[in-house]
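User: I have a model open and want to go through some side chains. Can you help me read it?
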Amino acid sequence: MTTVCAIIECVEKPSDKKTWIMQPPMPAEFFHSIATPTLEAMENRAILAQLLWNRGIRDEDAAARFLAPDYARDIHDPMRLKNMDRAVERINRAAESGEKTLIFSDYDADGVCGAAVLGEFFRIIRVNHDVHMPDRTKEAYGLSEEKIRSFFEQGITLLITIDCGVTDYNEIELARSLGIDTIVIDHHIVPPRWPNAYAIVDHKQEDETYPEHVLSGAGLAFKLVQALIANGQYADVIEPGREKWLLDCVAIAAVADMVPLTGENRALVAFGLKVLRKMRRRGLAALLDGANIAAADIDEETIGFTIAPRINAASRMAHARMAFDLLTTEDLMEAHTIARSLEEKNTDRKRAVERIIEELETHVLPAGAPEVVFAGSPLWSAGVLGIAANRLMERYGRPVFLYEMRGTVAKGSCRSPDGLNVVSLMRSAEEYFLDFGGHESAGGFSFAPEYAVHIHERITKTVATQIGTDTEPSAIIADLEIGLSDVRPRLFDETRMLAPFGQGNEAPRFLIRNVPISDLRPVGKDGTHLKLWFGETRIPAIYFGGAARGFRRGDRTDIIAALQKNVWNGTTTIELRVVDMKKCET
């Protein structure tokens, strides 16, 4: 008997067929106008110019700015953020008087990194502070009235939230009544009303004029540090420019939280990667050493696939404090101990996610994907449900709500595809939730289990009104067409000039036509992926999830793929990461 409690309405599984769209070619005059010294020296100048055009770059000046991020030029004045002056004034007052200050952060990579940024700065300028992050599995998201009373008993008079707090109206009002001032540093979706905090620093507020529209929570914490330094009050303990050493944590948070890597974020991550390659943090150095990643090879994928999952594994499988200690420890032995423990926790996390997905696909989803996947179990861990929900959302293209049932409360995570705001979906059933929040595509929630049917019905109706009942084939966009012979290290190196890649600046995707499969074999623990070799030159490729597509040796195919570097046993090769693949029509 399955342990899954699922509420679904099965509909026909969406087709695997996807529409391919080619970006329109750039105008010839644009190519001839791009004469930056950087591009002039490139062998693949025409390809790079097309990639710039696809990213909305329309003139030489914009191209120069995009290709060469500049800290002084691209990082905006933090005082342009609404209420930043009030936040700075209150913190300065607390620093002068020695008030007990508490940094309260979310438990994910963004929150933990934001706490590390502000906590390290407070240590330098000698602010009397402590750091707290809730237990993901035992406590509610964000503040709670119980915690506020506990902080009051500890003598806290200034509370600073990072990556949370914008919806904690009652808790912040309670803090105010007890004499605790609250500064909210958050970036989540605009709530129906704002809490009565001493200061709210959130660039999504009304009347906000800050140029960057999406920063991470840690990014906003960094802006607060910049503002405190600009005030000049701490010139005797921290010299201008030293704050740049905090950008490694800002880069981790930006990639982990999937903020758009354009504008200011692009510069923050670009310089943050430079700091990461210095291996200044002993915990991160130990973590990357255990993963056999050299400093020179650190890039945004290192963050996305190695660093961020292990930081998040702390709260998912233990407590976020472990990740915070990894980022802030100066003890070499402790650094290696924590790094080894996080590696183990990350392995446990992977196993837990696989068990949940296997359980759902065996007992709930074999008949097809529901309009909304809504399922829970007392045997699931709430800490890993966000990852499982994301995997299912990507696979089926549907909103996914997964929850752990523990006693009188069900707690879970949700993910939704582009075009569906998951917070709006939950808001349509808000009377049934105990709490909820998040971003457009990801969120968390809790509710009393007896309301599960009502929540599912309401969200399903809301989805139907937003997108209807017909599922359109998803589209894959290719930047431009190249030949198999173009897949060389030089092209990879030159396209890396457009990095860091991520949300809003995806790695280039190339269409390659009529490519013969010279060899292939299934790979992965369960054989669901394909390792391929194309053409007489046997260009290597990996196609995640491609084993079920029925390709055979000798098939001629059209593919859309990105380029990636593969380092194995000291040998570096450039291979294709297949996004989609079709047999050529005969």
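This is a predicted model: local features need pLDDT of at least 70, side-chain atom pairs count only at pLDDT 80 or more; totals for chains, interfaces and linings use all residues.

User: ok, where is Gln 205?
Analyst: Gln 205 is in the loop between β7 (199–201) and α10.

User: buried or exposed?
Analyst: Gln 205 has a relative accessible area of 10%, so this residue is buried. Buried means under 20% relative accessible area, exposed over 50%, and partly exposed in between (1.4 Å probe, protein chains only).

User: and what does Gln 205 touch?
Analyst: Leaving out residues up to four places away in sequence, Gln 205 touches Lys 82, Asn 83, Trp 194 and Ile 200. Contact means heavy atoms within 4.5 Å.

User: new topic, how many aromatic pairs are there?
Analyst: There are 14 aromatic pairs in the structure. One of them joins Phe 121 and Tyr 234, edge-to-face, at 6.3 Å centre to centre with 85° between the planes. Rings of Phe, Tyr and Trp (its six-membered ring) pair if their centres lie within 6.5 Å; planes under 30 degrees apart count as stacked, over 60 as edge-to-face and the rest as tilted.

User: why does that pair tie together parts 113 residues apart in sequence?
Analyst: Because Phe 121 lies in helix α7 (residues 109–125) and Tyr 234 in the loop between α10 (217–230) and α11 (247–256). Phe 121 counts as buried at 1% relative accessibility, and Tyr 234 at 6%.

Definitions and conventions. Residues are numbered from 1 along each chain as its sequence is written. Side-chain values use heavy atoms; hydrogens and water are left out. Helices (H or I, at least four residues) and strands (E, at least two) are DSSP runs, numbered from the N terminus.
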